[in-house]
Amino acid sequence: MTTTLDRNRNPELDLDIDFVRAQFPTFSEPSMRGQAFFENAGGSYPCNAVIRRLNEYYRRLKVQPYYAYRASTEAGEWMEATYARLAEYLGVASDEVHFGPSTSQNTYVLAQALRKVLKPGDEIIVTNQDHEANGGAWRRLAEGGITVNEWRVDGETGRLDPAQLDALLTERTRLVAFPHCSNVVGHINPVAELTAKARAVGAVTVVDGVAFAPHGLPNVAELGADVYLFSLYKVYGPHQGAMVVRRPLLDRLGNEGHVFNAPYPRKRLVPAGPDHAQIAAARGVAEYFDAVDAHHGGGDVAGRPKRVRELFRGAEVALLPRVLDFLTAHEHVRLLGPSNARERAPTVSFVPYLGEPERIAAKLAERGIMAAHGHFYALRLLEAMGVDGSRGVVRVSFVHYTSPGEIAQLLEALDGALSPGEGGRFE
Ligand SMILES: Cc1ncc(COP(=O)(O)O)c(C=O)c1O
């Protein structure tokens, strides 16, 4: 008989899954027994270090930060430490990191700021692969006389072809917005190649990294993006949107904050005001990464972000083929996006031919699988791929903390949920 422990043991994995899971209190909650979490693309569980910091901040430091009294000074120090530690993992300067209530809010504010530097006749490029958060705000710039061009996916594969971007770029292109990775088809775009193309015509790039960042925070300087957005609540942290805005672009943009805050770069793009406690707690994300690195042997500090990225990615790529192979071979399913694990994130969507996505997700839930269905705000992508957006897809998404045992449970559950019942009927 296979025990849970045996099923969790996997010689292909370099990542110590037991160590990793012990950093997430959720996994030892009695209510989670028998449940396998496959809705990570909707939001990951927070790590212990974040919960501990949030709790302590609320208990001890919940005051206006940056004044001279002890609690206030310490609260400010905690926030500064978060900016510095996340900047280290992102390969940028600490004053290039900004927080807002969500990525959707961050793109909304950015679009207001960019509206003022764009002129009628200027062109921007958006995609139909993006989540609406990195599309809607930019498309609305058309109201001010900006020409909005759409870079479209291949209807079969859901991929964006870099050669088609070349055809859209002109000397009037001012901005190109695209995703690092799609939250539905999971394909990872070659960001550095794309930002180089945009830069060659003098356009700035806004890269939505929300669906990529949970799989390893990238070095934004190496990617060459002017703006890189992600949501910390999907990266083991609190419910905040984070964005890197590189300094040359930030200096070109005006102030969206209170008028007297214009001299403070970090206040210009955060009109909502910062959520002190959540920003302070986000340091826990970096501390979690540090702990993973140290547990696996560590090394020089400069190499830490890359080592952590590789550990996470290695663990995911070892397990992902099992899910992709299962869905590719299944006669009642259309897998969306690449069937090759190396080309994609473990955010896996499929269209069931028998039964509604909502019903399949409910059947998965009966089997202990926490998964989701719908269009995931990527309605334009689904429509381009000939998928009925009102039905949507079933999405099962995992990250490095997902165990081989959970993958086995998923495959068993999918097998049951996708099989016709007695007499070949599907209900
Ligand atoms: C790819 C992608 N971009 C943007 C967003 C929006 O993020 P937020 O919920 O922080 O506004 C999401 C949310 O699911 C997403 O998956």
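Mentor: Both faces of strand β7 are covered: Val-227, Leu-229 and Ser-231 are buried on one side, and Tyr-228 and Phe-230 are buried on the other. Buried means under 20% relative accessible area, exposed means over 50%, and partly exposed is in between, with a 1.4 Å probe and protein chains only. The strand runs over residues 227-231, and five of its five residues are buried, so β7 is largely enclosed by the rest of the structure. Strands (E, at least two residues) and helices (H or I, at least four) are DSSP runs numbered from the N terminus.

This is a predicted model, in which local features need pLDDT of at least 70 and side-chain atom pairs count only at pLDDT 80 or more, while totals for chains, interfaces and linings use all residues. Residues are numbered from 1 along each chain as its sequence is written, and side-chain values use heavy atoms, with hydrogens and water left out.

β7 has pairing partners; two strands pair if DSSP finds at least two bridges between them. Strand β6 (residues 204-208) pairs with β7 in the parallel sense over three bridges, and Val-207 has Tyr-228 as its bridge partner in β7. Strand β8 (residues 241-245) pairs with β7 in the antiparallel sense over five bridges. There, the bridge partner of Ser-231 is Gly-241.

Thr-103 lies in helix α5 (residues 103-115) and is buried, at a relative accessible area of 4%. Leaving aside neighbours within four places in sequence, Thr-103 is in contact (heavy atoms within 4.5 Å) with Val-210, Leu-229, Phe-230, Ser-231 and Gly-241.

The loop between β7 and β8 holds Tyr-236. Phi of Tyr-236 is near 70°, a positive value in a residue other than glycine, and Tyr-236 is buried with a relative accessible area of 0%.

Elsewhere in the model there is an open sheet of four strands, ordered β9-β10-β13-β12, with antiparallel pairing. β9 (333-335) and β12 (372-374) stand at its edges with a single partner strand each, so one side of each is left without a neighbour in the sheet. The twist averages 30° from one strand to the next. Axes are lines fitted to C-alpha atoms, for helices over the stretch in contact, and angles run from 0 to 180 degrees between N-to-C directions. β9 and strand β10 (residues 347-352) run antiparallel and are joined by three bridges, with Val-333 opposite Pro-352 in β10. Helix α14 packs on the sheet, touching β9 and β10, and its direction makes about 15° with that of β10. Helix α15 (residues 357-366) also packs on the sheet, touching β10, β12 and β13 (393-397), and its direction makes about 35° with that of β13.

Phe-376 has a positive phi of about 55° although it is not a glycine. Phe-376 sits in the loop between β12 and α16 (379-384), and at 15% relative accessibility it counts as buried.
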